[in-house]
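Please read the numbered points with the sequence and structure at hand.

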Amino acid sequence: MKKSFTIVALSLLSLCCFWRCSSDSQEEKETIVAVPDSCKEWFKHYDSFFDAVYQKDTLPDVVIIDTFQRAIAHNKTMLCADSLIIRAKLHSFIGAILMNAGNHYEAIPYFSTALSYAERSSAISKKYRFTASVYANIMYCYWRIGDGPSNIFFGKKAIDLFRQSGDSINLSTVMTWYADALADIDSNRLARVYFDSALLYNPHNTEAATQASKFINDLLQYPEGENTDSLEKYLANYIAIAQKIVEEPTENAELYHTLGKVALQKGEFKKAQDYFNRAKTFARALPPTNPDRIKIDIMLGKVHFAKKELNAADQSFQTAINAFFPKQAPLANNVFPDLTNAPINLWLLEAMIERVNILDQQGTADTTIYNQLTQYIHRLQSLYFSEGAVHDLVNNAYKVYEGAIRTALKYGDNEKAFQYAEQAKGVVYRSFLEHRNNLHYAGVPDSLLAKEKQLSLNIYQLSLPDATATTPNGQTREQALSKAQYEKQQLEANFEKNYPHYYDLKYRPFSPKFKDIAARLSDKQALISYFFGKDTLYTFVVTQQHTKLYTESINADFITDLGNFITAIETDADSAIYLNESHHFYQKLLGKAEQTLQQDNIERLVIVPDGVLCLLSFDVLLTTPYAVNNTNDAQRLIIPYLIKKYAIAYQYTVSGLLDESYTWKNSNAGGLGNNFYSNGGKLYEAEKEAKDVVGLLGGKDYLNNEATYQNMLSCAKKYGVLHLAMHGGADREQPLNSYLILSDGKGGEDILYARRIYGESFDVGLAFFSACESGAGRVVRGEGVISMARAFSFAGCRSLVLSLWTLDDITARNITKYFYENINQGMPKDVALQQAKLMNLDTITAEKHIPRYWASLALVGNADPIPTTGVFGRVSTWLGLFAIGSLGLYSWRKRKKK
């Protein structure tokens, strides 16, 4: 679901809004406020009771919950009717605390109990607003845990009650959520109806307007099943809505702004310009520094730019930028203001980006301007945390970094271009981590994270040109902003000193140097990093001897063709698409780099993919054109797969290659395997596979009924290697619903969803997923694939062997066995996997030479050997200890005789 959940969910009612405590202390147990003794006193004082709780800024959540639970127990002794609403609010408050902390499973029972009391209270009082808010919060929780039917059920209940209460604003908000939920299950026509209804109840509902606009854009791009008349009728509905609004400047401005965006998307520039001018007329009632007014100038500039009216476009963008700096002189054509203390606003970023586009067209953009913009993005990424803001920031960031890459290359600075490419991926990586609350494993106390979030919010609100944040008594806005910025700097210094891993992920701009990468590589290893531009594929190659940049022109069909190619591999690699395209994509992706690789005698590749390349198994690219004329073994064995030439490992970002902080606690394995039946049938080899792994590396296996979630967590904390052999599956639309099938310990299944892994803290050197589609999911630009395996990576697994599509049970067991035998011999992980696949190809029948059988497994992360592995390593260790002990005993006896 979209950003409305994360922005509006807790602002629906002030009863459910609060910020978590900001103190380092976790020990405070003081009494908050005396619990009133009588029902009458409760009814009189419960508001002050709640206020007293929330005003205790240093109070940990656990103490707040404990206080409310004591109040609940006390309230049960009261029999008056008013106690129903009190009980409902107490349970709802606890649910809100848990929900805000991300504990959605735990929050649902409290909201459900609150609902039982609230419904009884509503039946008596005929007041439905609070009950509706509880339904809305339950709806949100069910969305977060991936329960679509419950999400829709409770959403419908919330809509009905908000309609009864006459609360049009919240009704519009919940209708938007409900439409989002319908869209998630592909009920697009019904979703459009609810988006329209949401706008009718609240024309200023920008989320509904934006999502409705998106549907129009989708219809334009994918018009199957839609005709021009129906599309025009749908657009006319917006105009009808606009005409119903009378003398509401802000709402009119917003709605005509939305209409203008739709027209601009359609390429109807005159209509778009008319809409934006009408929006500007209404927006004149707003203060000059109001973002809702400023963004209209930006959109007018975009219209002029699309019409090639560069001077008019430049004037519009300058007007928008100057609104953020009213005390400064107008901007010159190639000068930006000092951004050191610039307002923190995405609209300012977009205005500057659009103005740089003009400078690019005029040939006057330089690296200084792009350095300013990238620094501004770096500041923004540490302050924005809502899903919608992160999405907008990422989209704008890519525009900036692609332009920065082009400009750096124009001045011949390949290393700077490479750093820009990696920083772009870092923006997404960090934003995703923060949005999903996945930095907890770095060991930062929750109280500091809450304080960081609150300070970021304060700085953001105080930095807006039309600031709405409240300031302490006696302080001006400038004084409050300065104080908040100072406290944030002090907090960041604390992170840098005491939590360096968190600081590096969150705050340190990642600027890798070629020399540092070359020093990390072996003499026969090369890094290949990709970056997709609008019409160019950038390929950076680094070895110990050379650094090279290659560019390849691509068109709009390249990504589509690449996606079709990947699908052909996953299904049947003998298809015409595969045979015709495999060498073609090899030439596009590696053809120009091959000369450097051969020159430096490269045998191992570390690939940092971008976009859809994250789903590609490079193993199956053909280094020379080849057509299979028959299916005999001789023909199959000479197919020129890339894997026969290079061992391949993948990294999500270059920082993964440079991060050497992991220390192996041991080289033993925790092996979990179950052969449960599922949609894919029974896994006859899974149990044997887990036993084989533990037999080779030592450790402990948990088979069938013992393959539980708790035993998996125990293995992840105890052993250096975690091996999971079981059924799995990917949800490509909702990747956090990707799953593994564990045991419930009683002979039944326990479905482990990816979302459950986020927030866990693992200490694992290698996680091997012998499970279907563990590496498949949804591609997020710059982030890669959001998948089950990626969840384990965020939880702290340093390297992964994952499957990009479904696995063949027997082939998986063979490759797994060969892989761990190779690891036992001291091979690097990428070489061990390469040789395991080649050994498998040497022993299987012709029909299983098709890549969909053997090429699914891929290594992501650290490729170094596992130190002191297996039975042989343990025997050597015991022999060494025995020898040392014997020598010590001999020396002691000799001294004793003397």
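1. At what angle do helix 13 and helix 14 pack, and how far apart are their axes? In this predicted model, helix 13 (residues 269-283) packs against helix 14 (residues 291-306) at an angle of about 160°, and the axes lie 10 Å apart. Angles over 145 degrees count as roughly antiparallel, so that term describes helix 13 and helix 14. The crossing of helix 13 past helix 14 is left-handed.

2. On the side of helix 13, the contact involves Phe269, Ala272, Gln273, Phe276, Asn277, Ala279, Lys280 and Ala283. Helix 14 contributes Arg293, Ile296, Asp297, Met299, Leu300, Val303, His304 and Ala306. By class, the residues of this contact comprise 10 nonpolar, three polar and three charged.

3. Isoleucine 358 belongs to helix 16 (residues 346-362). Its relative accessible area is 0%, and isoleucine 358 is therefore buried. Leaving aside residues up to four places away in sequence, isoleucine 358 touches Phe305, Leu310, Ala313, Asp314 and Phe317. Aspartate 314 is 44 residues from isoleucine 358 along the chain, yet their C-alpha atoms are separated by 7.0 Å.

4. The chain has a mean pLDDT of 75, with 68% of its residues at 70 or more. Residues 1-40 have pLDDT below 50, and this stretch has 113 contacts in the model beyond near neighbours in sequence. Over residues 869-878 pLDDT likewise stays under 50, and the model has 18 contacts beyond four places in sequence for them.

Key. Residues are numbered from 1 along each chain as its sequence is written. This is a predicted model: local features need pLDDT of at least 70, side-chain atom pairs count only at pLDDT 80 or more; totals for chains, interfaces and linings use all residues. Side-chain values use heavy atoms; hydrogens and water are left out. Axes are lines fitted to C-alpha atoms, for helices over the stretch in contact, and angles run from 0 to 180 degrees between N-to-C directions. Helices (H or I, at least four residues) and strands (E, at least two) are DSSP runs, numbered from the N terminus. Angles under 35 degrees count as roughly parallel, over 145 as roughly antiparallel, 65 to 115 as roughly perpendicular and the rest as oblique. A crossing is left-handed if the near helix is turned anticlockwise from the far one by less than a right angle, and right-handed if clockwise. Contact means heavy atoms within 4.5 Å. Ala, Val, Leu, Ile, Met, Phe, Trp, Tyr, Cys and Pro count as nonpolar, Asp, Glu, Lys and Arg as charged, and the others, Gly among them, as polar. Buried means under 20% relative accessible area, exposed over 50%, partly exposed in between (1.4 Å probe, protein chains only). pLDDT is the predictor's confidence in each residue, from 0 to 100.
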